[in-house]
Amino acid sequence: MADGNRRSPAAAVFDALGSDYEKAFAASGAHRASLAWLLERLPPGSRVLDVGSGTGRPTAATLTAAGHRVLGVDVSPVMVEIASRQVPEAEFRCGDIRGLPLEDGSLDAVCVYFALLQMSRAEQADLVRRLALVLRPGGLFALATVPLDVEGFDGVFMGQGVRVTSFAAQAVTALVREAGLTVLSEESVLFTPAHPDATPEPQLFLHGRREGGEAAPAG
Ligand SMILES: C[S@@+](CC[C@H](N)C(=O)[O-])C[C@H]1O[C@@H](n2cnc3c(N)ncnc32)[C@H](O)[C@@H]1O
């Protein structure tokens, strides 16, 4: 799972931010609502992959507290160290999700909260397709991103230089559908992180399902 000697740009940014990221985003009601959406639908003891698991809060902490088995993967060693300490009930691995072997049909849910933004568009699309296959039929998919039509945009995020790539909201939804997932709900919000340099950012939370299993209610 190690990435070799070169630290990825995402690892550099999130190693520097560490727990400050969690503090800045702790008030996100939309993130909590997305987790509640999953908790209402997941069978007991579900296997969940959390892509870009950050500090483990709120995602892994909320899901493990409800009795689910969570594997978090993050490219930032600092984030993995914090998450392992804060959520010992979950398993965390340090590595780049783009190189992680994943078994098809093996998971009940996959979460990808704000972890795509340092990947190219082709990598984001490939990853969503791969994550869709990793779900068992009927498995649930939760994705959050900043839905902006930007490619290789150099900005500053919480004092750190970042290069951001994303899609406009409609294109995010299309990408998820093209991966073979049924989109069950979408929520667009404007959120201002609790950080002196922060400005309001658009966020899209999207929930979907791989067809073929028991029906989950829409909404
Ligand atoms: C914006 S933070 C979000 C953290 C967490 N998902 C949350 O919403 O609280 C994005 C996280 O994704 C991780 N990340 C970015 N690119 C990644 C990649 N290619 N593989 C694994 N983790 C990645 C970063 O290190 C960071 O911890």
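Two strands count as paired if DSSP finds at least two bridges between them. By that criterion β8 and strand β9 (residues 201–210) are paired, with 10 bridges between them in the antiparallel sense. The model is predicted. Its open sheet has 7 strands with mixed pairing.

- Within the antiparallel pair of β8 and β9, Val183 stands opposite Gly208 of β9.
- Helix α7 (residues 169–178) packs on the sheet and touches β5 (135–145), β8 and β9.
- The direction of α7 makes about 155° with that of β8.

**Strand β1 and its neighbours**

- Strand β1 (residues 47–51) has 4 of its 5 residues buried, so the strand is largely enclosed by the rest of the structure. The cut-off for buried is 20 or more other C-beta atoms within 10 Å of the residue's own.
- β1 pairs with β2 in the parallel sense over 5 bridges, and Val51 has Val73 in β2 as its bridge partner.
- Together with helix α4 (residues 59–65), β1 and β2 make a right-handed β-α-β unit.
- β1 is also joined to strand β4 (residues 107–113) by 4 bridges, and these two strands run parallel. Here Val48 stands opposite Ala109 of β4.
- In the loop between β1 and α4 lies Pro58, which is joined to Arg57 by a cis peptide bond with omega of about 5°.

**The ligand shell**

- The ligand is surrounded by 21 residues, of which Phe14, Gly52, Gly54, Ser76 and Tyr113 are the closest.
- By class, the shell holds 12 nonpolar, 6 polar and 3 charged residues.
- At least two shell residues each come from α1 (9–17), α2 (19–25) and β2 (69–74).
- The element that gives the most to the shell is α1, with 3 residues.

- Strand β6 (residues 153–157) has 0 of its 5 residues buried, so β6 lies largely in the open.
- β6 is joined to strand β7 (residues 160–164) by 5 bridges, and the two run antiparallel.
- Phe153 has Val164 in β7 as its bridge partner.
- The two strands form a hairpin with 2 residues between them.
- Met158, in the turn, has a positive phi of about 50°, and this is a residue other than glycine.
- Met158 is partly exposed, because 18 other C-beta atoms lie within 10 Å.

**Two further loop residues**

- Phe114 lies in the loop between β4 and α6 (121–134). Its phi is near 60°, a positive value in a residue other than glycine.
- With 18 other C-beta atoms within 10 Å, Phe114 is partly exposed.
- Ala27 is in the loop between α2 and α3 (29–41). This residue has 12 other C-beta atoms within 10 Å and is therefore exposed.
- Ala27 and Asp108 are 81 residues apart along the chain, and their C-alpha atoms are separated by 27 Å.

Terms used
Residues are numbered from 1 along each chain as its sequence is written. This is a predicted model: local features need pLDDT of at least 70, side-chain atom pairs count only at pLDDT 80 or more; totals for chains, interfaces and linings use all residues. Two residues are in contact if their C-beta atoms, placed from the backbone, lie within 7 Å. Axes are lines fitted to C-alpha atoms, for helices over the stretch in contact, and angles run from 0 to 180 degrees between N-to-C directions. A residue is near a molecule or strand if its C-beta atom, placed from the backbone, lies within 6 Å of it. Ala, Val, Leu, Ile, Met, Phe, Trp, Tyr, Cys and Pro count as nonpolar, Asp, Glu, Lys and Arg as charged, and the others, Gly among them, as polar. A crossover is right-handed if, with the strands pointing away from the viewer, the path from the first strand over the helix to the second runs clockwise.
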